[in-house]
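Subject: Structure handover and notes

Hello,

Here is the structure for you to look through. My notes follow below it.

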Amino acid sequence: MRCSLTALVALSLAVVSLAGPTPSPYNVHEKRSVIPTGWTRTRRHENVATLPLRIALKQNNIESIGDFLYDVSHPESTNYGKHWTAGEISRKFSPSDETVSTVRDWLVGGGLASERIRVSPTKGWINVDVTVEEAERLMNTEYHVYTHESGQEHVACEAYQLPEHVSSHVDFVLPSVHFDAKIKRRSGSEPEPARAIGQPGVGITPKTAGTISQTLTELEECDEYITPVCLRALYGLVYEPVATDKNSYGIVEYTPQAYLQTDLQMFAMNFSTDLIGKEPYMVSIDGGYAQTEYQGFDYNGESNLDLQYGMSLVTGNQTVTLYQTGDMVEGASFNNFLDAIDGTYCTFEGGDDYTQDAQYPDPYGGGYEGPEDCGTVTPAYVISTSYGYNEADLTPFYAERQCAEYAKLGLMGVTVLYSSGDDGVAGNGDVCLNANGTQTADGVIFNPSFPGVCPYVTSVGATMVKPNATVTQVQPEMACMEVIYSGGGFSNYFAMPSYQQTAVDYYLETYPPDYPSTMWNSTGMSRGFPDISANGANYVVAVDGEFELVYGTSCSSPVSGAIFTMINDARLAAGKGPIGFINPTIYSAGFAGAFNDITEGSNPGCGTEGFNATAGWDPVTGLGTPNFPVLLEKWLALP
């Protein structure tokens, strides 16, 4: 069940000799083949400059995390639903004393005084401030300063090496080859053009077809205007929650994305009177707040969409938690959110790596001055996120470590949903891969999204009501092919999890894609996504006092999250636990027919028609759209 990167990713290894004795040969640990778009290597870094070196230690038992998760998530397991506590997870996966001592001894042997070396409280990281000269000597590398076209500088290396006996105890080292750096500007009247989640136009974002002059609520018009009544009819969502005091649903937003309460109330008065006078319960993470300095679709569209539909579909007195993450100056990353809901994921009290994640308190001034949120927030039973990267934006080591954190949330009984992307087989921004690893508009290699390819999250694609169809038809939906295309395909980093092997093997054998192996991961051994889908076209959303038509897998994820939240409600009311990580269950034979199979449409990209929606699972719409009554019946039958 463990989805090892080694099955799919081969890093070049080179043995080099050092001047003087070494405990073991040095091997390349991570290597970057290209410089990301927009960056230029400008100079060697100064030898005396200080680097805050952070070493991510290999977690104990991490190779078995998939097996542990499968044990509590598969309906045929005797331990189904017996989720772990945060303490049990911490004890099981904390790096061993051997790992800590091996890395510490290597640093001391390399000339660093032991008092300079700090181990995080969770034993997950070792932190040491070193000079560039010391770092280069320790890791047989060279650090350079890279300059972005915006003027910002970033420190990185092209590759680094570790002793063979140390390498097996280390996930990765920061700063090093990683280049998902935030681009920030700290002056001027405009908001920062940070290339970080939450910034306008960055990652997976909803699209709009403009404002509409009238709003309609008739089921006959759901092919042109999607409203809550359409979604309830499509998926059979007729349910009044009764266990709201026990249940929880969380939606994650990244500042400067923010909802407007006036828009939520405008939507409520037209489509969901249960919401009149209500607002989400906001949990601020790292200074996050519902900013109103910048408004418009690029700043309010995502959050308004997520909350207007997520809150409408759970109805009644079910509170929806808004995890507002990051301040207006620094912003935030997925890691900042994960730090807040699981303290064991944090690096140090001073924050995550400054080149990748927001650092709090803000070291530059003008931003959030409070301490980093580390284990301060309780995760909801269902968490929906409508944001995402391209898998190729991140290194395999970085992606796998974050993916393992989603597995830990699943062990705790949390259902984690992510949008699959809006550009078909292409990446965000409609860019595709080149043979050298770069991403460009004229690339031809399919470019999957992350975290959707992580085997421990549920990836949600998009459908649409067929033109001139009504929701009362037997199957009124097809893959979304208006404005956006459902993200889907096969990972280049993660191996296929066992829970989906039968479904994916059937697709590949019955409907083999007619593309050369140079364009996609055709090995038949990689993680396929999405897992499921839901409607993602023609949503009527209130934005800045007007109604707009909105499209995207950004629509699909919060809708699916609301449906699973209602299933949790029924289980909790019956004295049972939450559904947790759902993938092993929904792919199991016992859940056949629990999703409406989508067999029309495709997901174009990279100069191709992409993959086709077919009978059974496919890399366009997954298993299909949720059939709430069937899902409810099947999940209530489980312990």
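V252 stands opposite T385 in β14. Strands here are DSSP runs of E of at least two residues, helices are runs of H or I of at least four residues, and both are numbered from the N terminus. Two strands are said to pair if DSSP finds at least two bridges between them.

On how to read all this: the model is predicted, so local features need pLDDT of at least 70 and side-chain atom pairs count only at pLDDT 80 or more, while totals for chains, interfaces and linings use all residues. Residues are numbered from 1 along each chain as its sequence is written, and side-chain values use heavy atoms, with hydrogens and water left out.

Strand β14 (residues 382-385) is also joined to β16 (residues 415-419) by four bridges, again in parallel. I383 has V416 as its bridge partner in β16. Both faces of β14 are covered: V382 and S384 are buried on one side, I383 and T385 on the other. Buried means under 20% relative accessible area, exposed means over 50%, and partly exposed lies in between (1.4 Å probe, protein chains only).

Contact means heavy atoms within 4.5 Å. F564 and W635 are among the residues with the most contacts inside the largest nonpolar core, which has 172 residues; W106, L107, M139, Y406 and Y539 are the others named. A nonpolar core is a set of buried Ala, Val, Leu, Ile, Met, Phe, Trp, Tyr and Cys residues joined through side-chain atoms within 4.5 Å. Helix α10 (residues 396-411) gives the most to this core, with nine residues. Domain 1 (26-77 + 93-174) and domain 2 (222-637) both contribute residues, so the core lies between them. The domain bounds come from an automatic or database domain assignment. In soluble globular proteins, nonpolar side chains tend to be buried together.

Helix α7 (residues 261-271) has D263, L264, Q265, M266, F267, A268 and F271 as its buried residues. These pack against α6 (228-235), α8 (297-314), β25 (539-543) and β26 (546-551).

Next, the sheets. Four strands form an open sheet in the order β4-β5-β3-β9, with antiparallel pairing. Its edge strands are β4 (118-119) and β9 (170-174), each pairing on one side only. β4 pairs with β5 (residues 125-131) over two bridges, and R118 has N127 as its bridge partner in β5. Two helices lie across strands of this sheet. Helix α3 (residues 97-109) lies across β3 (50-57), β4, β5 and β9, at about 150 degrees to β3. Helix α4 (residues 132-139) lies across β3, β5 and β9, at about 120 degrees to β5. For these angles, axes are lines fitted to C-alpha atoms, for helices over the stretch in contact, and angles run from 0 to 180 degrees between N-to-C directions.

S114 is in the loop between α3 and β4 and is partly exposed, with a relative accessible area of 39%. Setting aside residues up to four places away in sequence, S114 touches R104 and V108.

Another open sheet has three strands in the order β2-β6-β7, with antiparallel pairing. Its edge strands are β2 (39-44) and β7 (153-156), each pairing on one side only. The twist averages 35 degrees from one strand to the next. Four bridges join β6 (residues 144-148) to β7, with H144 opposite A156.

Last, the annotated site. An unreviewed UniProt entry lists D597, I598, G616 and D618 under "binding site". They span 22 residues in sequence, yet no two of their C-alpha atoms are more than 9.6 Å apart, so they gather at one spot. UniProt positions are given in the numbering used here, feature names are shortened, and annotations may be inferred rather than shown by experiment. D597 is in the loop between β27 (595-596) and β28 (625-626), and G616 is found in the loop between β27 and β28. D597 is partly exposed at 26% relative accessible area, and G616 is partly exposed at 30%. Not counting residues up to four places away in sequence, D597 touches Q475, T614, A615, G616 and L623, while G616 is in contact with D597 and G622.

Regards
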